[in-house]
Amino acid sequence: MKVLGIDIGGTGIKGAPVELPSGEILAEHLHLPTPQPATPGAVTAAIKKMIQHFQFSGPVGAGFPGVMRKGVVETAVNLSPSWVGKNAEKLFKQATKLSFSVINDADAAGLAEMTYGAGKKEKGTVVMITLGTGIGSAVFIGGVLVPNTEFGHLTMRGKDAETIASAKAREVNDWSWKKWSKRVREYLHLVDRLINPDLIIVGGGVSQRAEKWLPRASKGVKAKVVPAKLHNEAGIVGAAMAANGKS
Ligand code: BGC
């Protein structure tokens with residue numbers, strides 16, 4: 001079955017057709033900049049563009065950077081606040097006439113890693129952390145997702161953790177990998193202490209360069225810490241998985 005997977009982020013919107021159940025990405029992904037302001041109308045227009053680009057007519061799955069309950073957006077910290085309360089699934093469906101399933105973006109990335117990547121066959125407590133514009137989290141217990149955890153918003157140094165430890169925070173502040181990795185270490189220790197997982201999978205675009213910062217960032221963390229295997233594509237593949245079975 002062919003599904004279009006779309007990863008909606010605060011900075012970019014990425015998508016590609018995915019074959020399921022193999023999880024194979026079938027074409028070079030398309031990257032569109034997230035419109036600013038990222039209102040429901042503007043993001044929907046980008047989604048339409050994505051579908052036109054791939055001339056796609058099957059089911060679509062999307063990862064959204066906020067708490068999602070039955071297709072409805074409950075939070076959207078890194079997009080326009082006008083998303084809150086909107087039914088993203090309905091909105092995208094009406095605009096494209098295609099079937100849509102929308103789940104949290106980090107949950108999507110976690111699903112892909114648990115099935116095809118670094119969490120494959122892991123039975124204990126697994127936490128996936130995505131470092132991007134924000135910080136996302138996905139928790140799995142015995143392979144089952146506990147949806148909508150929001151560990152990016154834990155308090156660290158009296159601040160919202162994602163504002164001082166995300167990949168965006170490194171870029172905006174022009175921190176060296178060394179300086180940033182110390183922030184990430186503090187953050188991973190916080191997650192480790194509070195949840196005591198067996199495994200922490202660290203994803204997002206920065207996982208592609210994990211050797212630059214992950215050894216330092218994972219020092220002293222009790223849980224085993226590994227980079228995502230699907231890197232930034234986990235969000236696309238996982239979003240497609242969310243749509244599987246719906247049409
Ligand atoms: C949002 C999460 C999201 C994460 C990564 C956070 O700001 O609250 O829902 O998973 O960013 O996009």
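**A tour of the salt bridges**

Start by selecting E74: at 33% relative accessibility, this residue counts as partly exposed. The model is predicted, and the stops below visit its three salt bridges.

Next, select R157 and E186. Their closest N and O atoms are 2.6 Å apart, and the pair forms a salt bridge. R157 sits in the loop between β12 (155-156) and β13 (159-160), while E186 belongs to helix α6 (residues 177-195), so the contact ties together parts that are 29 residues apart in sequence. Show the loop and the helix together to see both ends of this link. R157 is partly exposed, at 49% relative accessible area. E186 is also partly exposed, with a relative accessible area of 29%.

For the last stop, select K14 and D7. Are these two residues buried or exposed? K14 has 10% relative accessibility and counts as buried. D7, at 11% relative accessibility, counts as buried too. Both assignments follow because buried means under 20% relative accessible area. The side chains of K14 and D7 meet in a salt bridge, 3.5 Å from N to O.

Terms used: Residues are numbered from 1 along each chain as its sequence is written. This is a predicted model: local features need pLDDT of at least 70, side-chain atom pairs count only at pLDDT 80 or more; totals for chains, interfaces and linings use all residues. Side-chain values use heavy atoms; hydrogens and water are left out. A salt bridge is a side-chain nitrogen of Lys or Arg within 4 Å of a carboxyl oxygen of Asp or Glu. Buried means under 20% relative accessible area, exposed over 50%, partly exposed in between (1.4 Å probe, protein chains only). Helices (H or I, at least four residues) and strands (E, at least two) are DSSP runs, numbered from the N terminus.
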